[in-house]
Amino acid sequence: MSLKNKICLVTGASRGIGRGIALALGSEGATVYITGRTLEPTSKAPGSLSVTADEVTARGGLAIPVQCDHGVDEEVHRLFDKIVKDHGRIDLLVNNAFKGVSTIGKNIPIPFWEQPIESWDDCIHVGLRCHFVAAQRAAKIMVGQKDGLIVNISSAGALLSFFTAPYGVGKAGLDKMSEMCGKELKKHNVTCLSLWPGLVQTEAILAAKDTIQKATIAGQKVDVSKGETVEYAGRAIVGLMNDKNLQAKNGKTITTADLGDEYGFTDVDGRKHASMRCVKASVARKHPWFAVLIPSFIKVPWAWMVSFFHHYY
């Protein structure tokens, strides 16, 4: 177990990607603090901290559930005070808490000028601001111990236009936060980066599968069946925690699929996911006969992709 004795914090781990990340870390023997507003199961939404904690324990890790509303700074500060009191250190912070799922679902078809201001607040307050608060607290500890990793869970919504304007603004802001914070932390041997999962088969996505598959992203139809499981991002983070050259990724934005190629892991069901930069996968969508001739390792440089989408989408 490669993460035995590592102290980790995953925010927003009652369900979805946060739960999957906690499971992957637990499978490697980590001690994982998990946070969210739902401590025990309810009929309002699937998942809870207690259920995630039991699953992490069953995998061989140690889960410590802490009920916490990341929209309330005082609760976040109490959380970090507890971690320091219990262990005196923190090796990994995964900023994943996000309040905007319900709001996004209600406002996707509505122009931004007709949306309630809560559409902005829910995506930015618990989705960007709260991550900065948590990163501040974690950085103070990590700088002192001269070691640590902060992973901000972002998405291609920072680059592409989908969901709502506040969602895109929040993710773009999070990537810029990773860049700026990473630069300041580098001299202290602490790494901060953004991680982009692809389409993920979360409970919310699966529940809205029929509606989602009618949509397109960057001109491509959405196929939920090809999405990543919630644990795939967790496997990417396990890889980062064991990367001897982690500092080279400081301040960067990285996709889970690119890390899958680099570290050689697959999803829990054995599937390999193609990077959005993979030329072979992109060509195969319209010209599968030609794609067979293209090596899978050829990828569009990140800067080229960013420039392309900014100009044409």
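Q: Two strands pair if DSSP finds at least two bridges between them; in what order do the strands of the open sheet stand?
A: In this predicted model, where local features need pLDDT of at least 70 and side-chain atom pairs count only at pLDDT 80 or more, totals for chains, interfaces and linings use all residues. Residues are numbered from 1 along each chain as its sequence is written, and side-chain values use heavy atoms, with hydrogens and water left out. Strands are DSSP runs of E with at least two residues, and helices are runs of H or I with at least four, both numbered from the N terminus. The 7 strands follow the order β3-β2-β1-β4-β5-β6-β9, with parallel pairing.

Q: Why do β3 and β9 stand at the edges?
A: Each of them has a single partner strand, so one side of each is left without a neighbour in the sheet.

Q: How do you know that β5 and β6 pair?
A: Strand β5 (residues 148-153) and β6 share 6 bridges in the parallel sense, against the required at least two; among the bridge partners are G148 and V190. On its other pairing, β6 is joined to β9 (residues 253-255) by 3 parallel bridges, and L195 faces I254 there.

Q: Why does N250 count as buried?
A: Its relative accessibility is 10%, which is set against the cut-off of under 20%, so N250 counts as buried. This residue lies in the loop between α9 (232-241) and β9.

Q: What does the side chain of N250 reach at 3.0 Å?
A: It reaches the backbone nitrogen of C192, and the backbone oxygen of G182 at 3.4 Å. A polar contact is a pair of N or O atoms within 3.5 Å (within protein, one must be able to donate a hydrogen and the other to accept it, and residues adjacent in sequence count only if both atoms are side-chain atoms).

Terms used
Buried < 20%, exposed > 50% of the residue type's maximum accessible area, 1.4 Å probe, protein only.
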